[in-house]
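Let us walk through this structure step by step. Keep the sequence and the 3D view side by side.

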Amino acid sequence: MIYQPIGFDLLPEKFLFSDLENLYTTILDKEIDRRNFRKKMMSFGIIEETEEFSNKKGGRPAKLYNFKMAEYQRLEKEGFHFEIKFA
């Protein structure tokens with residue numbers, strides 16, 4: 001199935017990658033293969049890791065990510081299709 005990356009609109013400017021995974025799992029009501037999801041999302045080049053960490057307490061601090069809207073728009077003009085494979 002082909003989708004728009006709705007996380008652009010539903011997540012804050014900087015977010016945890018796990019928040020992105022949880023968003024798609026919830027909205028699609030299906031389990032996503034977490035390793036493949038991360039690999040695929042990063043390969044698109046529309047998400048980048050920041051140098052900042054989450055300030056959530058408990059556990060190891062996790063890096064924050066942000067969307068690269070300009071890159072997404074460039075890819076979309078070239079015929080890019082955002083697709084997610086389920087587990």
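Start where Leu16 stands opposite Leu64, a residue of strand 4. This is a predicted model, in which local features need pLDDT of at least 70, side-chain atom pairs count only at pLDDT 80 or more, and totals for chains, interfaces and linings use all residues. Residues are numbered from 1 along each chain as its sequence is written, and side-chain values use heavy atoms, leaving out hydrogens and water.

Strand 2 (residues 15-16) pairs with strand 4 in the antiparallel sense, over two bridges. Strands are DSSP runs of E with at least two residues, helices are runs of H or I with at least four, and both are numbered from the N terminus. Two strands pair if DSSP finds at least two bridges between them.

Now look at strand 3. Four bridges join strand 3 to strand 4, and the two run antiparallel. Here Glu48 has Asn66 of strand 4 as its bridge partner.

How enclosed is strand 4 (residues 63-67)? Four of its five residues are buried, so the rest of the structure largely encloses strand 4. Buried means under 20% relative accessible area, exposed over 50%, and partly exposed in between (1.4 Å probe, protein chains only).

Thr50 sits in strand 3 (residues 47-53). Thr50 is buried, at 10% relative accessible area. Leaving aside neighbours within four places in sequence, Thr50 is in contact (heavy atoms within 4.5 Å) with Lys63, Leu64, Tyr65 and Asn66.

Finish at Asp29, in the loop between helix 2 (17-28) and helix 3 (34-44). Asp29 is exposed, with a relative accessible area of 68%. Its phi is near 55 degrees, a positive value in a residue other than glycine.
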